[in-house]
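Hi everyone, thanks for coming. Have a look at it first.

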Amino acid sequence: MLKWRTAELCLYKRRGIERDAFPKLVELLKTFHEGRMAIQKVGVVGCGLMGSGIAQVAAHAGFTTIVREVSPEVVDKGLKGIDKNLARIVEKGTITEGQKAEIRGRLKGTTAVEDLKDCDVVIEAIIEQLPAKRELFAKLDAICPASTIFASNTSSLTITEIAAVTKRPERFVGLHFFNPVPVMKLVEVVRTIATDSDVYEEMVAFGAKLGKTPVRAHDSTGFIVNRLLVPYLLDAIRALEEGVGSIEDIDNSMKLGCGHPMGPLTLLDFVGLDTTYYIANIMFDEFRERRFASPPLLKRMVLAGWNGRKAGRGFYDYSDPQKPKAMNF
C-alpha cells in the first residue's frame with residue numbers, strides 16, 4: 001500500500017491534479033490494482049417482458065446498456081415497450097423529457113451476440129429452458145473477456161447447472177428480477193458454491209444501484225420467493241379442485257383476509273399458468289415433495305392453452321380486460 005501511495009502522490013504532483021479530485025484518483029488506482037473495474041456497461045440477452053424491463057432499469061440507473069434479441073422485429077418491439085414505459089413515467093412527473101432522452105441514449109438494441117463482448121456484466125433473460133441458456137453462455141464465454149460477470153434471470157433452474165458450461169463459474173451469479181421489472185423493488189442475488197465472494201458482493205451492490213432491494217439467496221431451486229410462493233399457488237388450485245371455494249371466493253379470501261394485493265388465482269393468470277407449471281415441474285424433480293407437484297387442473301389448463309391473461313383465458317376470462325370474469329369449470 002505504501003508503494004501505491006508514493007506512486008499516486010508522484011503522479012498527483014507531476015500532473016498537477018486538483019487536490020479535491022485526488023481521492024477519486026486513489027480509488028481508481030486501487031481498483032486497477034485489485035484487478036477489478038466498476039461496472040459501466042451492461043449487456044442484456046432477451047428483450048421480452050423481463051429482458052426489456054432489466055434493460056430499462058439498467059439504463060435508468062446510468063449504465064450504458066445493450067440488449068440483444070434474435071431478430072430486428074423483436075428488438076424493435078422491446079424498445080418500443082421501453083419507450084412507452086418511459087413516456088408513462090414522464091407523464092407522472094417522475095422524470096423529465098430531458099432525463100428520458102438521456103436514459104434512451106444509453107440504451108441500444110442488437111441482434112449480434114458479439115456486440116456484448118465488451119460488457120462488464122451480461123444478464124440473461126431468455127426462455128426458461130436449460131439447453132438454450134447453456135448454449136447462450138457457452139457462446140458468451142468464448143467472446144467475453146475473463147473479467148466479465150455473467151448472471152442469469154432464471155426463476156427456477158439452478159445457477160450451478162447453467163454456469164457449468166463456462167470457464168468462469170466463480171464469476172457467475174443469479175439475478176432474479178420480478179415482473180414488471182421497473183416497478184417491482186426486489187431482486188434475488190443468487191450465489192453458488194463456486195461464486196467468488198468479491199464478485200457476489202459486487203453484484204449485490206449492483207442490484208442496489210439498479211434501485212432494487214437485493215436479497216441474498218443460495219443456489220437452491222426456486223431460491224426464496226418461488227420456494228414459498230409456488231406451493232401456495234398450487235394449493236389454491238387444489239382448493240378449487242376439491243370444492244373448498246369458488247375462484248372468486250378463494251381470491252377474495254386471500255385479498256381481504258390476508259391483505260394480499262391480489263388473490264392466488266388472479267396471480268396465476270398474471271404470471272402465466274404455463275410458467276407456473278414449468279417451474280413447479282422443475283421444483284418437483286428437484287425435491288420430490290407433493291407440495292411442488294402440479295395439480296391435474298393446472299396441467300389440463302396448460303394443455304388447453306388457457307395460460308392466463310396473456311392468452312385471454314385462465315381462471316378468468318379476459319374478453320374484457322378491464323372486467324375479467326371468473327371461469328365456470
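Let me start with a term: I call it a salt bridge when a side-chain nitrogen of Lys or Arg is within 4 Å of a carboxyl oxygen of Asp or Glu. Please keep in mind that this is a predicted model, where local features need pLDDT of at least 70, side-chain atom pairs count only at pLDDT 80 or more, and totals for chains, interfaces and linings use all residues. Residues are numbered from 1 along each chain as its sequence is written, and side-chain values use heavy atoms, with hydrogens and water left out.

As a reminder, side chains of opposite charge can pair when their charged atoms come close.

Here is one of them: Lys139 pairs with Glu135, at 3.8 Å from N to O. Both residues sit in helix α6 (residues 130-143), four residues apart, about one turn of the helix; helices here are DSSP runs of H or I with at least four residues, strands are runs of E with at least two, and both are numbered from the N terminus. Lys139 is partly exposed because its relative accessibility is 45%, and the scale is this: buried is under 20% relative accessible area, exposed is over 50%, and partly exposed is in between, with a 1.4 Å probe and protein chains only.

Next, Asp141 and Arg168 form a salt bridge, with 2.7 Å between the closest N and O atoms. This pair links distant parts of the chain, 27 residues apart: Asp141 is in helix α6, while Arg168 is in the loop between α7 (159-163) and β6 (172-177). Are these two buried or exposed? Both Asp141 and Arg168 are buried.

Now for Asp274 and Lys310, whose side chains meet in a salt bridge at 3.0 Å, N to O. Asp274 lies in helix α12 (residues 273-287) and Lys310 in the loop between α13 (296-303) and β9 (316-317), so the pair ties together parts that are 36 residues apart in sequence. Lys310 is exposed because its relative accessible area is 57%, whereas Asp274, at 26%, counts as partly exposed.

There is also a network of salt bridges linking Glu124, Glu128 and Lys133.

On to the cysteines. With a disulfide taken as a pair of cysteine sulfur atoms within 2.5 Å, the count is zero. Cys47 is buried, at 4% relative accessible area, and Cys258 is partly exposed, at 47%.

Thanks, and I'm happy to take questions!
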